[in-house]
Amino acid sequence: MKKKEQRFPGGVHPTDGSDKKLSKDAPIVSFVPEIIELSMSQSGGSLCEPLVAVGDHVERGQLVGQPKNFTAVRLHASVSGTVTEIRTETKGPMEVPLLVIKPDKEQPEEQEKPYQKEWVSIDGYSKEELVSIMEEAGITGMGGAGFPAHVKYKTDKPIEYILINACECESYLTCDYRMMLEHGMEILNGVHALLKAGGAKKAVICTEDNKQDCAEHLRKLMEGQKAAIEVMVFPTKYPQGGERQLIQAATGKELRAGGLPADAGVIVSNVQTAKAMADAVFGGIPCISRCITVTGLVRKPGNFLVPLGTPLRELLHKCGGPAKLNNKAVLGGPMTGSCIGHQVKCADLTQSVTKVSGGLLILFNEGMEESPCIRCGSCMKVCPAGLTPWKIDFALRKGDIDLCHKLYATECIGCGCCSYVCPARRELSPNTVKARNDVRAMLRERGTK
Ligand code: SF4
Ligand code: SF4
């Protein structure tokens, strides 16, 4: 198999791969937890309004949350059960309702469907129907940002490529890897549906050379098929799965500053989004589950395909709990995830699985003592967006948002490469992300964006 040239600047090689080895051979385990805690905010600033009340019985797949803002999508019950409580959780500036559902002892039986084991035809669906199914099923991007998928696919810009992000370039995470090995046929049928929904000429499944076995497996499943789907393998390098980096590596196109993928004729979707699309189109199942990796300093790392709302404490418990007390818990990957606690035990975790939860990591708590910048320039060398992180950091600390703007802080993708390499352990990435958000807010206030 030919390896593609690496074509994006900057980036880092955070580990030797031993981190992924912890869970890559752990087959996906599915289970229904004892309780479901379904947040009405499934990603970023999204918010839904509950459509059920305490005491109601809900069926798996029933609509239980109606979008209240642009970044939200429809939310469905992930299990059959009874709503026992609706409480409020604080997420940033928002007060978010959370449905507590006690699952029924007997859940609807899951029968194997044709799209799970063979190619199925997409001929009976129009582009508009597919986008409508995507919206009805409440599909978001499942790679992290959680943007409503149907909004991306409704674009009136001509789309040439659908890029399927199967890089899983963050260390430790292996859930996408396992999904490709164990649910490859569903993913391919989903990619085929996304290809038609986007009106694109070609879909490219993009992965890294530490997942050659996935690439081979998917190619084998595609043998004899005429669908315009290709698998490309790139050298393993973080952040290969960043939207801009992927577009550049797979198509050679460079996005202009402030541009969207659709401006370059591209839509990028995650590999688990493709699986959710297949479930919705061919299985009639809305987006009610996802696969998550639980790993790091746990006794038994694993990958779990679970209903949305599965409490993280129950997942951590399944993995034998933290192996060390001096730990920190991270939701997501080690580079872009958020710290959700220190010295945690299972019971300390209050969050639950959402549509964007790719990993729960228990890492050694090293602590972070910042020291003055020594102007080594390392942060500039690794920044895939071509920024000068140390200058943006200084400008932000001085409160000079205009200067942050002049330094193109809006182009920061929050990848964490700058923080990772900084010998002075400066809080670069959180600050460059804050600078980006502050500049955007300033431009909105001035009415220039
Ligand atoms: S400045 Fe932003 S894009 Fe550049 S390395 Fe830091 S986090 Fe990544
Ligand atoms: S890597 Fe750290 S010490 Fe080096 S220039 Fe950047 S901020 Fe300064």
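I begin with R60, which at 26% relative accessibility counts as partly exposed; here buried means under 20% relative accessible area, exposed over 50%, and partly exposed in between, with a 1.4 Å probe and protein chains only. The model is predicted, so local features need pLDDT of at least 70 and side-chain atom pairs pLDDT 80 or more, while totals for chains, interfaces and linings use all residues, and side-chain values rest on heavy atoms, without hydrogens and water. Residues are numbered from 1 along each chain as its sequence is written, with chains lettered from A and ligands numbered from 1 in the order written.

R60 forms a salt bridge with E110 (a side-chain nitrogen of Lys or Arg within 4 Å of a carboxyl oxygen of Asp or Glu), and their closest N and O atoms are 3.3 Å apart. R60 sits in the loop between β4 and β5, and E110 in the loop between β8 and α2, so the pair ties together parts 50 residues apart in sequence. E110 is exposed, at 66%. By this rule there are 21 salt bridges, and E37, E85, R87 and R313 are linked in a network of them.

I turn now to the sheet. β10 pairs with β11 over 6 bridges, and the partner of V204 in β11 is E230.

Technical notes
Pairing = 2+ DSSP bridges. Helix = DSSP H or I, 4+ residues; strand = E, 2+ residues; numbered from the N terminus.
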